[in-house]
Amino acid sequence: NNTNADVMTIVDGNVGIGTTGPSEQLHIYNTGHAKVEIEGGASGDASLMLTELGSTGFRFNYDGGDNKLFIGSGTAGTFNTKLTIERDSGNVGIGTTAPTQAKLVVNTTSLVASAFGRDGTDGDVVQIYNGLAGTTKVIALGASGNDGTIYSQYGDLLLQPTAGNVGIGTASPSNKLSLAGSGQNWTASPAIKMWDSYNSKGWYV
C-alpha cells in the first residue's frame, strides 16, 4: 500500500502477519479483533487438522453440503466423527451425526451415555428450569452424602441406596416408602390422596 508498512514478516522461520516479532510459526496480530477465516467453495468443506507427525490427532471440518460442523479424531487419513453441531438448528450430537431429536443428543452402544458428578460436597448435580437458568428451578438431581436426591419446587424425593428407603417430602425416610405432607391442612396437603375424579370423592391420609 502507499504507507509502505510491513504486511508479513518472517523471522527465524516464524511468520508474522500484523507483527514484526512473531513468537510462533504463525503469529497474527491486529490492534482490534484478530480473525482467521478458512473458506471453501459453494457447498464445499473447510477443515482444520491438528495432528502429530504422520500420526493421530483431531480434525475440525465444516461440511458445506450438510451444513454441519464435525469434530473428529483418528489418523491423518481416517478421522471418526466424535461431535456434530448442526449449523441452522444449533443441535449438538455426541456419538451421532444426526442430532435431530433435541438440542443435545448422546448416543452410545457400550458405555454410559452421560455421567455427572460433584467435588464430593452435597448439592445439585443437574438442574432443570422452566425458562432460562436461574429463574424457576423445576427439578434438580443431586447428592446428599451417599444418597441420591430429586428436588422440585413442590417437594423432595430422596433415594437411599444403602438402606433402600425412598422418601417423598422428607429427607429422612425411615421406611421403604416414607410420605410426608405439611400437616397444616389434611385436605390441602395430605401425605396420600386417592381420588375418584368421576365422582369427585376419595381418601386423604
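Predicted model: local features only at pLDDT ≥ 70, side-chain atom pairs only at ≥ 80, totals over all residues.

Student: How do the strands β1 and β2 pair?

Tutor: Strand β1, residues 8-11, runs antiparallel to β2, and the two share 4 bridges. Together they form a hairpin with 2 residues between the strands. In that turn, D12 has a positive phi of about 55°.

Student: In which sense do β2 and β3 pair, parallel or antiparallel?

Tutor: The pairing of β2 with strand β3, residues 26-28, is parallel and has 3 bridges. Within it, H27 of β3 is the residue opposite G16.

Student: Which residues of β2 lie on the covered face, and which on the uncovered one?

Tutor: The general idea is that side chains in a regular strand alternate between the two faces of the sheet. In strand β2, residues 14-17, the covered face holds N14 and G16, whereas V15 and I17 belong to the uncovered face.

Student: How many helices and strands does the chain have?

Tutor: The chain has 17 strands and 0 helices. Of its 205 residues, 17% count as buried. Among contacts between residues at least 6 apart in sequence, 2% join residues at least 24 apart.

Student: What should I note about the surface?

Tutor: The accessible surface of the chain is about 14,900 Å², and carbon and sulfur atoms account for 54% of that. There is a nonpolar patch on the surface, whose residues include M8, I17, L26 and F60 and have about 1,200 Å² of accessible area together. At least two residues of this patch come from each of β1, β3, β4 and β5.

Student: Is L26 buried or exposed?

Tutor: L26, which lies in strand β3, has a relative accessible area of 53%; the threshold for exposed is over 50%, so L26 counts as exposed.

Student: Where is N67 placed?

Tutor: N67 is in the loop between β5, residues 56-63, and β6, residues 68-75. Its relative accessibility is 21%, and therefore N67 counts as partly exposed, since buried would require under 20%.

Student: Which residues is N67 in contact with, beyond its neighbours within four places in sequence?

Tutor: Those residues are Y62, I85, E86, R87 and D88. With Y62, the contact includes a polar one between the two side chains, at 3.3 Å. As for G44, 23 residues from N67 along the chain, the C-alpha atoms of the two are separated by 9.8 Å.

Notes
Residues numbered from 1 in each chain as written. Heavy atoms only, no water. Buried < 20%, exposed > 50% of the residue type's maximum accessible area, 1.4 Å probe, protein only. Contact = heavy atoms within 4.5 Å. Areas by Shrake-Rupley, 256 points an atom, 1.4 Å probe, with all protein chains shown as cover. Polar contact = N/O pair within 3.5 Å; in protein donor to acceptor, adjacent residues only side chain to side chain. Pairing = 2+ DSSP bridges. Patch = residues over 30% accessible without salt bridge, like charges linked within 9 Å, V, L, I, M, F, W, Y side chains within 5 Å. Salt bridge = Lys/Arg side-chain N within 4 Å of Asp/Glu carboxyl O.
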